[in-house]
Each structure stands twice: as C-alpha cells, then as structure tokens.
Protein chains: 4
Amino acid sequence: MLDYFLKTRAWTKQLIEPLQTEDCVLQPVQEVSPPKWHMAHTSWFFEEFVLKPFVKDYKVFSEDYAYLFNSYYNHVGQRNPRDNRGSISRPSTKVIRQYRQHVTEAVSLFWKQLQEHKDWPEISRRLEIGINHEQQHQELLLTDIKYILGTQPFYPLYVEEGAPDCDWSAEKALEWNRVEEGMYLIGHEGNDFCFDNEKGAHDVFLESFEIADRAVRNDEYLEFIEAGAYQDFQWWLAEGWDWVLANQMDSPLYWVKKEDQWFRYSLSGLIPLEPFGPLMHVNYYEADAFARWKGARLPTEFEWEAAFQINPDWMYSPVWEWTASAYLPYPGFKTEPGALGEYNGKFMVNQMVLRGGSLATPEGHWRPSYRNFFHPHLQWQFSGIRLVR
Amino acid sequence: MLDYFLKTRAWTKQLIEPLQTEDCVLQPVQEVSPPKWHMAHTSWFFEEFVLKPFVKDYKVFSEDYAYLFNSYYNHVGQRNPRDNRGSISRPSTKVIRQYRQHVTEAVSLFWKQLQEHKDWPEISRRLEIGINHEQQHQELLLTDIKYILGTQPFYPLYVEEGAPDCDWSAEKALEWNRVEEGMYLIGHEGNDFCFDNEKGAHDVFLESFEIADRAVRNDEYLEFIEAGAYQDFQWWLAEGWDWVLANQMDSPLYWVKKEDQWFRYSLSGLIPLEPFGPLMHVNYYEADAFARWKGARLPTEFEWEAAFQINPDWMYSPVWEWTASAYLPYPGFKTEPGALGEYNGKFMVNQMVLRGGSLATPEGHWRPSYRNFFHPHLQWQFSGIRLVR
Amino acid sequence: MLDYFLKTRAWTKQLIEPLQTEDCVLQPVQEVSPPKWHMAHTSWFFEEFVLKPFVKDYKVFSEDYAYLFNSYYNHVGQRNPRDNRGSISRPSTKVIRQYRQHVTEAVSLFWKQLQEHKDWPEISRRLEIGINHEQQHQELLLTDIKYILGTQPFYPLYVEEGAPDCDWSAEKALEWNRVEEGMYLIGHEGNDFCFDNEKGAHDVFLESFEIADRAVRNDEYLEFIEAGAYQDFQWWLAEGWDWVLANQMDSPLYWVKKEDQWFRYSLSGLIPLEPFGPLMHVNYYEADAFARWKGARLPTEFEWEAAFQINPDWMYSPVWEWTASAYLPYPGFKTEPGALGEYNGKFMVNQMVLRGGSLATPEGHWRPSYRNFFHPHLQWQFSGIRLVR
Amino acid sequence: MLDYFLKTRAWTKQLIEPLQTEDCVLQPVQEVSPPKWHMAHTSWFFEEFVLKPFVKDYKVFSEDYAYLFNSYYNHVGQRNPRDNRGSISRPSTKVIRQYRQHVTEAVSLFWKQLQEHKDWPEISRRLEIGINHEQQHQELLLTDIKYILGTQPFYPLYVEEGAPDCDWSAEKALEWNRVEEGMYLIGHEGNDFCFDNEKGAHDVFLESFEIADRAVRNDEYLEFIEAGAYQDFQWWLAEGWDWVLANQMDSPLYWVKKEDQWFRYSLSGLIPLEPFGPLMHVNYYEADAFARWKGARLPTEFEWEAAFQINPDWMYSPVWEWTASAYLPYPGFKTEPGALGEYNGKFMVNQMVLRGGSLATPEGHWRPSYRNFFHPHLQWQFSGIRLVR
C-alpha cells in the first residue's frame with residue numbers, strides 16, 4: 001500500500017506539472033476549486049485523519065491549514081468558506097509543494113510505526129480512504145483545470161499533445177443489448193475498497209430493457225441541436241427549460257460555433273468538433289432532454305449496474321453517464337461516527353447519480369458499483385449520456 | 001359526474017367564504033398563489049380543456065384570462081409569470097366569482113351536448129381531470145390561505161371555530177408494525193381515476209421493515225428542538241444545514257415561542273401548542289434530521305404503499321408524509337401529447353415524494369397510490385413525518 | 001387650519017374613490033406602497049405626533065398600527081419592513097376607512113382642547129407638518145396607483161374621464177430665457193410652512209445661463225428615441241448605460257409600441273402618445289442623456305430657483321423637473337431632535353433633487369423652494385426635463 | 001518628459017516587487033483589480049492612445065490585450081467584464097512584465113519620431129495623461145494589494161519594514177482655523193496638467209467656517225466606537241444605517257478586536273492600533289456619522305479648496321478626505337470627443353468627492369484642485385475625515 005500511496009501522490013504532482021502558477025490560484029465559479037487548494041487539501045486529509053491522531057508527537061506543517069484546507073468536515077471545526085477559496089494567495093504554490101512533500105515523507109517515515117500501532121486496521125482503512133480521496137481530487141483537478149482555462153476568452157491550453165480528452169476517431173454503430181427481467185444484486189460486495197454509499201448489496205427487481213452498447217456521440221447530439229431542441233420546451237424538464245432560458249443555452253459546455261462550424265474546447269485548446277467523439281460536458285437536464293427527443297430514456301443506476309453484470313464490455317466509456325436515479329441511501333445505509341461519516345451521506349438530496357467513470361478517472365479508481373453524484377445543472381464534469389429503451 | 005362536478009365547484013366557493021377581499025389578492029412568496037388566482041385558474045382549466053375545444057361556438061368569458069390564469073402549460077401559450085400573480089388586482093374578486101359561475105353554468109348547460117359528442121370518452125376523462133385538478137387547488141387554497149394570514153404580524157384568523165387544523169386531544173402511544181420482505185405491486189391499478197404519475201403498476205422488491213402506526217406528534221418533535229438539534233450539524237443533510245443557518249431556523253413553520261411557552265399559528269389563530277397534536281409544516285430536511293436523531297429513518301414511497309396494503313388503518317393521518325423517495329417516473333411512464341402531458345412529468349427532478357393525504361385533502365381525493373411532491377425546503381404544506389426502522 | 005386639515009383629509013378619500021378594494025392592497029415593487037397603507041400611514045402620523053402626546057387619555061385606535069404603519073421613524077420603534085407592506089391584508093380597507101374617520105374626528109373633537117394647550121405652538125406646527133405630509137402622500141397615491149394599474153398586462157384604468165395626466169393639446173414653441181450672472185438668495189424665507197431641508201436661505205453665486213420656458217415634450221423625446229439614443233452609450237452616464245442594458249430599456253416608463261405606433265399608459269388607460277404632451281416618467285439617467293444629446297444640460301437646483309425669481313411664469317409645469325444637483329444639506333442645515341428630525345435629513349446621499357411640482361401635487365402644496373428628491377434610476381414619478389444652456 | 005515617463009514606469013515595477021505571483025492574480029471583490037491587470041492596463045493605455053495611432057507601422061504586443069486590458073472605454077470596443085478580471089490566469093505575470101518592458105522600450109525608442117510628428121502637441125498631451133493615469137493606478141495598486149492580503153484569514157504582509165501606512169507617533173492637538181466668508185475661485189488654473197473634471201475655474205461664494213488643522217485620529221474615532229455609535233441609528237444617514245445592519249459593521253475596514261485590544265491590518269501585517277495614527281479606511285457613511293456625533297460636519301469640496309488657498313499647511317494629510325460634495329460637473333464642463341472623453345465625466349452620479357491625497361499618492365501627483373471620487377459605501381481607499389464647524 002505504501003507504493004500505491006506514493007504512486008498516487010506522484011500522479012497529482014504530474015497533473016499539476018503543465019500549469020503556470022497563475023492557473024493554480026483561480027476559482028472562477030463555486031464548484032471549481034483552485035488547483036493549489038486541491039494539492040493542499042489532499043495532503044491535509046492524510047495529516048488530519050492519519051498523522052495527527054496516530055503518529056506520536058506529530059507536529060503539523062502549519063496550524064493554519066486546518067482552517068484553510070478543510071473542505072466540508074464540520075466535525076473538524078471552522079473553515080474557510082467554499083466560495084472564498086479563490087481569494088487566498090498564501091501559502092504560495094511553492095509552499096504547498098513543500099507541504100505535499102512534507103506529508104508524503106511523513107507517511108513514509110512513520111509507515112513502520114503506523115504498521116505496528118495497535119490501531120493499524122483503522123489506520124490502514126484511513127490510508128486507503130485517503131488514497132481514494134486523492135484520486136477523486138485528481139479527477140476534479142482535471143475538470144477544474146479545464147474549466148479555469150476553457151472559460152478564458154482566448155482558450156489557453158493545458159498540454160500541446162496527448163490531452164486525455166482528445167483523439168476520437170473510431171466509428172462504431174450503436175447496438176442495443178437486452179437485459180432480462182429479474183432480480184439483481186446491486187451494490188458492492190467483498191472486501192475490496194469502496195465508499196460507504198456503495199455498501200449494503202441488496203436485491204433489486206428490474207423489468208427487462210435494452211441498453212445502448214456505447215455512449216452518445218457528438219454527431220448524434222448535433223442532430224438534437226440542429227433540430228432546434230434548445231428552442232423547444234417540449235423536450236425539457238420544467239427546471240431544465242428554466243435553465244436553458246435563464247442561461248440562453250444552445251449547446252453543451254465548451255462548444256463554440258464560429259462561422260457555421262462547431263468547435264469545442266479541449267485540454268489541447270479549441271479544436272473542430274469530432275463527429276465520432278463521445279459527447280461530454282452535458283448536464284442532467286440535457287441528458288434527459290436528449291433521451292426524450294430520441295424516444296429513449298436514461299438508465300436507472302440499477303439498470304446500469306445490472307447491464308455491467310451481464311457484459312462489462314458494453315459499459316466502459318470515456319464519460320460518466322447520467323442515470324435516472326436520484327442520489328439516495330441504499331437500504332441499511334449507515335454513516336460512521338465522526339468526521340469521515342460526513343464523506344458521502346450528507347449529500348443525499350437534490351443530486352443525480354452518475355455511473356461508470358471517465359477519461360479523467362485515475363487508474364485503479366474505477367468500480368462498477370461506484371456512485372458518483374452531481375447537481376442536475378452542472379456540466380463541468382466529463383459527463384455524457386447512455387440510452388436505454 | 002355532473003353532481004360531483006357541481007359539488008366540487010361549490011366546495012371551492014365555501015372555502016373562500018370566510019375570507020375578506022384583501023386576503024384574496026396576496027402572494028407573499030412565490031409558492032403561495034392569491035386565492036383569487038386559484039378561483040380563476042380552476043375555472044380556466046375547464047374552459048381551456050373542455051368548453052373551448054368541445055362546445056360548438058363557445059365564447060370564452062374573457063380573452064385575457066388564458067394569459068392571466070394559465071399556470072405552467074407551455075402548449076397553451078404565453079402567460080403571466082408565476083411570481084407576478086400577486087401584482088394583479090383586476091379582474092376583481094367579484095368578477096372572478098362571476099367567471100366561476102359562468103363556467104359552472106356552461107358545463108351544466110352543455111352537459112347533454114357534451115355527452116352526445118363523439119369524443120365523450122375524452123371529454124369525460126378531461127372533466128374528471130378537471131375535477132381532480134380543482135380538488136388539488138382546494139388543498140392549496142387552504143395551505144396558501146394559512147400562509148397569507150399566518151405570516152402577518154398580528155395573526156388574523158380564518159375561522160373562529162371548526163378550523164380543520166385544530167382540536168387534537170386523543171393520546172395514542174406509538175407502536176411499530178412489521179412488513180415482511182417480498183415483492184409488492186406498486187402503483188395504481190384498475191379504472192378509477194388517477195394521475196399519470198401513478199400509472200404503470202409494477203413489482204418492487206422490499207426488505208422487511210417496521211413502520212410506526214401513526215405520524216410524529218408535536219411533543220415528540222419538541223424533544224428534538226429541546227435537545228438542541230437545530231444547533232447541531234450532525235443530524236442534518238448538508239443542504240438542510242445550510243437552510244437552517246441561512247434562515248436561522250429553530251422550529252417548524254408557524255411555531256412561535258413567547259415567554260418560554262410554545263404556540264403555533266392555526267387557521268383559528270395563534271394557540272398554545274398541543275402536545276398530542278400531529279406535527280405539521282416541516283420540510284424534508286427537518287423530517288430527515290428528526291428521523292436520524294430518533295435512530296430511525298423515513299419510509300420510501302414503496303414501503304409506505306406496501307404498509308398500506310398490509311393494513312390501511314396504520315396509514316391514515318392528518319398530514320402528508322415525507323418519504324425518502326425522490327420524485328421520478330415509474331417504469332414505462334409516458335406523458336400524453338399536448339398540454340395535459342405537462343401536468344406531472346416535467347416536474348420529475350429535485351423534488352421528494354409525499355404520501356397519504358392531509359386534513360386539507362378534499363373528500364374523495366385520497367388514494368393509496370397518490371404521489372404528492374414538493375421541493376425539500378418547503379414547509380407550507382400540511383406535511384409531517386412517519387418513521388420506519 | 002382645521003378647515004385645511006378637513007379638506008386635506010377629504011381629498012385623500014376622494015383620490016381613493018375610483019379604486020376597487022383589490023387595487024388597494026398591492027405593492028408591485030418596493031417603492032410603490034399599497035393605497036391602503038398610505039390611507040393608514042397618514043392617519044397614524046396625526047395619531048403618533050399630535051393625538052397621543054397632546055390629547056389627555058387619548059386611546060389609540062389600535063395598538064398594532066404603530067408597527068404596521070410607521071414608515072421609517074426609528075425613534076418610534078420597530079416596524080413592518082418596507083418591502084413587506086404588500087403582504088398585509090388586515091386590517092381591511094374598510095377598517096382603515098374607519099381608522100381614518102376616527103382620526104379625523106378625534107382631531108376635530110379635540111381641536112379646542114389642543115388650541116388651549118400650553119404647547120399649542122408646537123402642536124400647530126405638527127398639525128401643519130401632518131397636513132403637508134398627507135399632501136405628499138396624496139401625490140404618491142397617484143403615482144403608486146398609476147404604477148399598480150399601469151404595469152398590469154391589460155392596463156385597467158383609474159378613471160374613464162378627467163384623468164389628471166391626460167389632455168395635452170396646446171402647442172407651444174420653445175423659447176430660451178436668459179438669467180444673468182449674480183448672487184441669488186436660495187432657500188425658503190418667511191414664516192410660511194416649509195420643510196426643514198428648504199430652510200437656511202443663503203447666497204449662491206451663479207454664472208449667467210439660458211433656460212427653456214417649458215418642459216420637454218413627447219415629440220422632442222421621440223426624436224431622441226428614434227435617433228437610436230437608447231442603443232448608443234455615448235449619451236449616457238456609466239450607471240445610466242448599465243441601467244439601459246440591464247433592463248433592456250428603449251423608452252420611458254409606460255410607453256408601449258404597437259405595430260409601429262407609440263402609446264402610453266395614462267390614468268385613463270392606454271392612449272396614443274400625444275406629441276405635444278409633456279414628457280413624463282423619465283429617470284435622471286434619461287433626463288441627463290437627453291440633455292446631452294440636445295447639446296444642452298439640466299439646471300442646477302439653484303439655477304432653477306433663480307429662474308423662478310426672475311419670472312415665475314417660465315417655471316410652472318405639469319412635471320417635476322430633474323435638476324443637476326445632488327440632494328445635500330444647505331449651509332447650516334439642522335435636524336430637529338426626535339422622530340420628526342428623521343423626516344428629510346437622513347436621506348441626503350445618492351439622490352438627485354427635483355424642482356417645481358407636478359399635475360399630482362395637491363393644491364397649496366407647491367413652493368418655489370420645494371426640494372423633492374429621488375434616486376436617479378426611478379421613473380415612476382411624474383418627472384420630466386427642463387433644459388438649460 | 002521621457003524621464004518622468006521612465007520614472008513612473010519604474011515605480012510601478014517597484015510597487016509590485018514584494019508580491020508573490022499568486023498575489024497578482026486575485027480579485028476578491030469587484031472594485032479590487034488583480035495587480036497583474038493594473039500592470040497590463042497601464043501599458044495598454046500607452047499602446048492604445050499613443051503608439052497605435054502615432055507610431056508608423058507599430059505592431060501591438062498582442063491582439064488579445066485590447067479585449068483583456070481595456071477598463072471601461074466603450075469607444076475602444078468590447079472588453080472583458082470588470083468582475084471577470086480575477087478569472088484570467090493568462091497571460092502570466094511573467095509575460096505581462098515583458099509586455100510592460102515592450103511598451104516602455106517602444107515609447108523610448110520612438111520618442112524622437114513622436115516629437116517630430118506634426119501632432120506632437122496632442123501626443124505629448126496624451127503621454128502626460130498616460131503618466132498621470134499610471135500614477136492613479138499606482139495608488140490603486142497599493143489599496144488593492146492591501147485588500148487582497150488584508151482580507152485573508154492569516155494576514156500575510158506586503159513588506160516587513162517601511163510600509164507607507166505605518167509609523168505614526170507624533171501627537172498633535174487639534175486646532176480650528178477660520179476661513180472668512182467670501183468669493184473663492186475653485187478649480188484648476190494655469191497650464192500645468194490636470195484632469196478635465198478640475199477645469200473651468202469658477203467663483204463660488206462661501207459663508208465663513210472653521211476647519212480642523214489635521215485629519216481625525218484613531219483615538220478620536222475609537223471614542224465614537226466605544227460610545228456605541230455603530231449601534232445607534234441616530235448618527236447615520238438612512239443608507240448608512242442600512243449598510244451597518246446588513247454588514248454587521250462595528251469598526252472601520254481592517255480593524256480587528258482581539259481579547260479587548262484593537263489591532264489593525266497594515267501593509268506590514270496586523271499591528272496594535274496606534275492612538276495617534278490617522279484614521280484610515282472609513283467610508284462616507286462613517287465619515288458623515290462621525291462628524292454628526294462630534295457636533296461638526298464634513299467640508300464641501302469648495303470649502304476644502306478655499307482652506308488650502310488660505311494656508312496649504314493645514315491641508316496636507318496622509319489620507320484622502322471625504323467631502324460633503326457629490327461628484328458633479330463644474331460649470332461649463334465639457335468632455336472631449338472619443339475614448340478619452342470617457343475618462344471622468346461619465347461617472348458623475350452617486351459618488352462623493354474626496355480631496356487632498358494620501359500616503360499612497362505618488363510623488364508629483366498631488367494637486368489642491370484634484371477631485372477624487374468614490375461611492376459612499378467603499379472603505380478600501382486610504383480615506384479619512386476632516387472636520388469643519
């Protein structure tokens with residue numbers, strides 16, 4: 001696990017590499033955090049939940065950081081408000097790099113001592129959560145970097161080449177796969193790591209359905225746009241239509257029309273829209289409206305997971321897929337006591353579940369039982385559409 | 001059915017009776033409509049969906065009313081924005097009474113002609129929807145009147161005596177009833193009237209659970225308050241806690257503490273809180289927090305309906321009961337084409353289901369499959385809590 | 001003075017006469033108060049400042065009214081927030097009529113007793129303020145009624161005939177009159193009634209200027225519109241231009257273009273724009289932009305008053321005239337102690353002075369030294385433009 | 001003048017020196033611009049108004065910068081919205097330093113060519129405006145840097161030693177100086193540089209008054225606080241009192257009370273409040289309330305300038321001084337055509353004039369006729385109080 005820890009810590013560093021210092025400080029909208037905040041917060045997590053409680057006489061890198069880099073743990077105390085993260089210039093990115101190194105080294109240095117601690121089972125559980133937590137933030141780092149750069153007037157790029165959200169060439173006709181009526185066991189089983197919200201595997205009865213064998217593509221969504229769907233209330237949920245009108249929407253996030261040609265912002269800058277590329281950066285309202293327009297619908301999260309059980313190959317995709325399921329507790333869901341109990345449970349209202357994973361999901365972080373969740377109006381994730389009928 | 005129609009129309013009139021003209025015009029918050037708007041809107045509904053399309057040469061009472069009294073039907077055309085209903089003084093209440101009478105008489109007068117119309121099946125279906133629609137607004141009328149009067153500084157009353165939300169005396173100890181694991185058929189069956197969102201009866205597999213045999217009472221909720229629960233984040237969903245802080249909440253809507261004694265506003269004015277009265281006017285955040293504090297939880301809407309199937313007596317209650325289910329389509333849910341297809345389906349996001357009915361629900365409007373739904377922050381309905389464990 | 005008091009009270013009643021009860025309750029925007037609030041507030045003023053302190057054993061009509069009908073006097077205590085006036089249905093209009101009568105009769109009844117009171121000089125001063133205060137509200141009543149009716153979708157009218165804001169026929173070419181450089185005595189002199197903000201007559205040195213002999217007309221302003229001035233930033237103050245863009249303005253309040261013809265809402269309903277009618281319902285931004293476009297400017301309040309001293313005939317006009325002067329204290333301005341000291345002084349920031357009077361100003365309320373004041377974005381007064389160069 | 005230009009350019013560089021890159025990007029509130037924006041905007045000004053129009057074949061450093069670094073000149077075209085300046089990470093600070101150098105060198109390089117240009121009078125006038133413009137932004141740089149650092153939770157400092165807003169030791173009793181009634185010539189005369197809003201020297205008649213011979217000190221303002229003035233409506237303008245309540249104010253910006261001792265944030269960090277230091281960072285509401293509480297008042301801008309004419313020594317002070325004058329045009333004020341005409345005139349509404357200069361005013365930028373202006377609620381300038389009576 002120490003290896004896995006070190007590899008995870010190193011990957012964060014690599015993700016930050018192409019950025020300029022100025023990019024690391026910005027918070028253009030509330031849901032996007034400054035990269036340097038992610039760098040510090042993922043380090044604070046190990047300090048707060050492992051080093052401080054379990055390493056004897058551990059001295060924190062700075063007394064100020066619990067206030068600055070706690071995200072939402074009320075149990076841990078007062079904190080800088082979420083929408084104020086973009087008003088903090090100090091500590092500088094350089095100091096935060098030192099902080100990261102300090103924490104990484106401390107975990108390595110005390111590894112032996114931790115392993116011999118009487119609470120090692122709890123410690124190792126927390127280390128595992130910490131690693132998975134950092135992986136989640138690696139994904140957020142990419143989406144937030146894309147937003148920070150991609151909403152600037154002149155579209156600066158993250159990397160010249162090899163951006164993870166580019167290069168879509170293979171054409172693949174869509175096929176429908178049938179899943180039979182029956183009882184399916186939903187949720188995580190076994191002793192591998194998973195978050196608390198996946199636990200409590202339970203039977204769910206499903207009627208039969210057909211599911212597309214890949215996510216919706218740009219060219220398919222373009223038809224929706226060109227059919228005037230953003231100007232026609234009948235396809236939209238009432239709140240979705242309000243969102244369209246209030247924001248004068250006419251396409252997904254990062255799509256730009258110039259002289260009758262469509263472009264999209266990618267991590268390698270503004271590029272012509274690739275017809276066969278996977279649709280990305282739609283919100284739930286758009287996903288739901290598109291499905292309705294197509295005469296289809298979105299899968300529930302149970303259907304999604306059942307389909308995966310039938311044939312995993314159908315379900316891999318470069319985008320998180322909006323499901324028709326609201327984010328709610330599984331039967332018997334329990335939060336653990338203390339701060340880590342705030343990890344997932346307290347967000348179970350007004351959000352929709354996304355399943356799968358995306359091109360931004362770090363290696364080893366993908367699970368078929370994984371329940372991602374966002375508010376229905378948010379587009380900045382690598383989020384797309386899977387159809388069922 | 002004509003009788004039922006006339007009875008329904010008469011009941012609306014009776015509900016309005018105790019009001020003063022000034023009460024009929026106000027819209028203190030967006031979700032509360034002026035009583036005179038309800039009076040007109042329920043009449044416009046019959047005019048728009050029955051009289052205009054099916055009565056030959058029918059002349060509408062006023063060409064302006066489609067604009068003024070359409071609620072949310074995009075298919076019908078432009079309309080007065082919802083939050084502008086409280087800025088409309090004309091037509092006066094008197095003219096709206098004439099409008100009501102005009103519509104009631106037109107339906108009666110043309111009843112025979114409609115019955116002999118080749119589309120009578122569709123017409124009668126629409127009349128039935130219109131009657132049920134008016135019943136829904138009768139319930140809203142009471143909740144809106146309560147809000148209009150109950151949020152004024154000096155608490156004017158609706159009726160001196162016989163208010164439907166008063167007189168709770170019987171004490172009943174709470175008992176837990178067991179519902180066994182199994183497959184339950186959920187949704188409406190048969191040919192009786194129901195809304196489209198209840199249709200598509202389908203099997204749902206449930207694990208066993210225990211359900212309280214009555215709704216939570218004021219004295220039980222008072223313990224929650226006195227335990228400091230409104231000051232302790234640990235019981236609340238994150239959005240619920242934000243709501244508590246932003247609105248400085250410390251008790252349900254209409255509860256008032258004066259010199260260490262609790263009162264509540266009822267339709268008969270401010271009265272001392274009755275310990276054995278049913279808790280009313282909590283929102284989903286409060287219901288969820290209370291259940292967590294009690295070491296219990298809210299039922300899903302499927303559990304609620306299953307319990308009713310076991311024993312209806314357990315489930316009658318003077319309040320709508322928040323469930324742990326988000327408002328989503330049943331499998332195979334279809335909206336009909338045209339304006340009436342906008343009735344329910346387009347609201348299926350970001351709302352929670354309530355089950356049962358309340359003291360404000362008109363006679364004949366109660367159904368075990370009925371799916372009421374509101375946003376989680378709203379308290380102004382007669383909404384309470386049922387516990388399961 | 002008793003006569004004058006009774007006449008004033010009667011005139012308020014007459015202004016209310018044409019309204020329906022529903023019209024009396026509405027507050028469509030913060031600056032517009034419900035007519036029934038004006039009716040009550042002007043009565044409370046006499047009760048609070050004359051009857052309560054000076055009539056022995058006087059019993060107020062209702063203990064609740066100080067809370068409900070105090071406008072902004074912090075010295076008097078807590079009050080209903082200004083933007084909540086439109087959420088109060090009780091007391092009803094009928095009860096408020098009784099309240100008005102009660103107060104009118106009490107003042108009459110105790111007149112003798114008050115006259116013999118040792119503080120009669122102070123009492124009579126307050127009665128005079130109360131009468132002038134009610135006259136101010138008579139003007140506001142008309143502007144507020146116009147807003148309440150004129151912003152409804154179907155333009156209900158106040159009176160069929162004889163509306164004070166109609167019937168403009170006389171054409172009069174504009175002439176410029178010269179006022180010579182010199183020292184002018186500005187402010188109110190003598191013992192007649194005036195408000196505290198007019199006191200402290202003082203010398204002001206003015207350079208010579210020319211002033212138009214009448215207010216700007218509709219046809220003149222129409223040229224400004226048709227020249228595209230609402231689409232051209234160069235004529236506008238920065239805040240004015242922000243206001244144009246944010247509200248998508250293209251004409252004064254109440255102007256409506258239908259099939260290429262201009263109409264305006266008047267108290268007798270929607271009527272074709274009269275070219276020779278006086279321009280009404282522009283705000284300071286519009287007045288300032290129009291003057292700039294004309295190659296002229298607005299007068300300072302000192303220039304306005306000086307012009308009146310030269311020749312009063314030039315300066316009468318059916319509209320309040322925006323001046324280029326901010327509302328600030330005259331040299332030596334003092335507020336009196338207590339609540340009545342809050343009457344004018346505390347508003348002396350961020351407002352502009354208007355001079356003259358309007359068609360809505362009650363008889364006897366006009367004074368050349370009168371300083372009216374509003375925020376620069378407000379259009380709902382009978383406010384127009386006088387040019388100087 | 002080339003020398004003066006180079007010195008001015010160098011001074012901006014020196015002001016930026018102590019900052020970290022992260023500090024240069026932030027815009028915590030709308031009125032505070034990122035330091036790197038100031039660096040670029042002041043360079044763009046020379047490029048736009050001198051190099052582009054007058055240097056043959058001049059190639060701009062980047063075509064994007066007119067959009068990014070235009071502040072408010074509508075004549076120049078579309079621009080990045082003011083409140084979006086803090087969402088721009090690119091060009092980086094490093095590139096902007098190169099931009100600054102490029103512009104500085106271009107002006108130097110083409111100096112001779114410009115001098116021999118037939119439009120040299122216009123060019124030199126623009127260079128002078130550009131230098132004064134940059135000096136204004138040098139002052140804003142300091143106030144913005146102070147805000148960016150001083151509102152962070154742990155008060156990072158700008159410089160360890162020699163901060164311009166520190167070290168106040170000399171105690172000086174306040175004396176009142178009399179200015180006699182009479183006519184005073186107000187505004188700028190002569191051929192020295194001044195802004196357009198100072199031009200049009202004109203006679204103003206003033207009554208006699210007494211003016212304090214120094215600005216208000218911290219200890220004097222502390223008495224106001226300790227007398228409960230922030231809790232007592234009677235001292236405040238109505239909008240000021242609203243501001244106090246809405247923001248729960250109890251002291252000037254940057255004042256912090258810890259365990260019964262007062263501190264203030266300075267550019268050298270949080271330091272104990274110096275009793276004899278000049279009061280800084282109050283807004284107009286606070287200045288006006290303090291003067292009222294003291295039984296005094298603020299000077300008009302005319303009184304301020306007249307006092308300076310009597311004895312300049314009275315009027316030097318380390319803070320801008322709020323006057324009782326609204327920012328309005330002088331008689332005969334004219335804006336020049338084109339973009340530079342937008343410099344001052346379009347802001348002449350809803351702002352108050354401040355006179356003098358502050359510790360942040362660059363050498364050579366101080367003038368007795370200088371008219372600074374801000375909205376009455378803003379505190380972030382080095383703004384204080386001068387009393388008259």
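Colleague: How many residue pairs are in polar contact between domain 1 of chain A and domain 2 of chain A?

Modeller: The count is 17 residue pairs, both residues being at pLDDT 80 or more. A polar contact is a pair of N or O atoms within 3.5 Å; within protein, one must be able to donate a hydrogen and the other to accept it, and residues adjacent in sequence count only if both atoms are side-chain atoms. This is a predicted model, in which local features need pLDDT of at least 70, side-chain atom pairs count only at pLDDT 80 or more, and totals for chains, interfaces and linings use all residues. Residues are numbered from 1 along each chain as its sequence is written, chains are lettered from A and ligands numbered from 1 in the order in which they are written, and side-chain values use heavy atoms, with hydrogens and water left out.

Colleague: Where are the bounds of the two domains of chain A?

Modeller: Domain 1 covers 2-150 and domain 2 covers 164-384; such bounds come from an automatic or database domain assignment. The C-alpha centres of these two domains of chain A lie 28 Å apart.

Colleague: Which salt bridge does A:Glu336 form?

Modeller: A:Glu336 pairs with A:Arg125, and their closest N and O atoms are 2.9 Å apart. A salt bridge is a side-chain nitrogen of Lys or Arg within 4 Å of a carboxyl oxygen of Asp or Glu. Between domain 1 and domain 2 of chain A the count is 2 salt bridges.

Colleague: Which elements of chain A supply at least two residues of the side of domain 1 that touches domain 2?

Modeller: They are helix 1 (2-16), helix 2 (35-54) and helix 6 (120-150) of chain A. Helices (H or I, at least four residues) and strands (E, at least two) are DSSP runs, numbered from the N terminus. Helix 6 of chain A gives the most to that side, with 19 residues.

Colleague: Now to the chains. How many residues does the contact take from chain A and from chain D?

Modeller: There are 26 residues from chain A and 26 residues from chain D, where contact means heavy atoms within 4.5 Å. The area buried between chain A and chain D is about 2200 Å², and carbon and sulfur atoms give 59% of that area. Buried area is the accessible area (1.4 Å probe) that two parts lose on being put together, summed over both. In chain A, the residues that lose the most area to chain D are A:Glu22, A:Arg90 and A:Phe154, together 31% of what that side buries.

Colleague: What does A:Asp23 form a salt bridge with?

Modeller: The partner of A:Asp23 is D:Arg90, with the closest N and O atoms 2.7 Å apart. The interface of chain A and chain D has 2 salt bridges.

Colleague: Why do the copies meet through the same surface?

Modeller: They do so because 100% of the interface residues of chain A are also interface residues in chain D.

Colleague: And how many residues does the contact take from chain D and from chain C?

Modeller: That contact takes 30 residues from chain D and 30 residues from chain C. Chain D and chain C bury about 2300 Å² between them, with 64% of it on carbon and sulfur atoms. Across this interface of chain D and chain C there are 0 salt bridges, while 6 residue pairs are in polar contact.

Colleague: How far apart are the nearest C-alpha atoms of chain A and chain C?

Modeller: They are 14 Å apart, and chain A and chain C do not touch.
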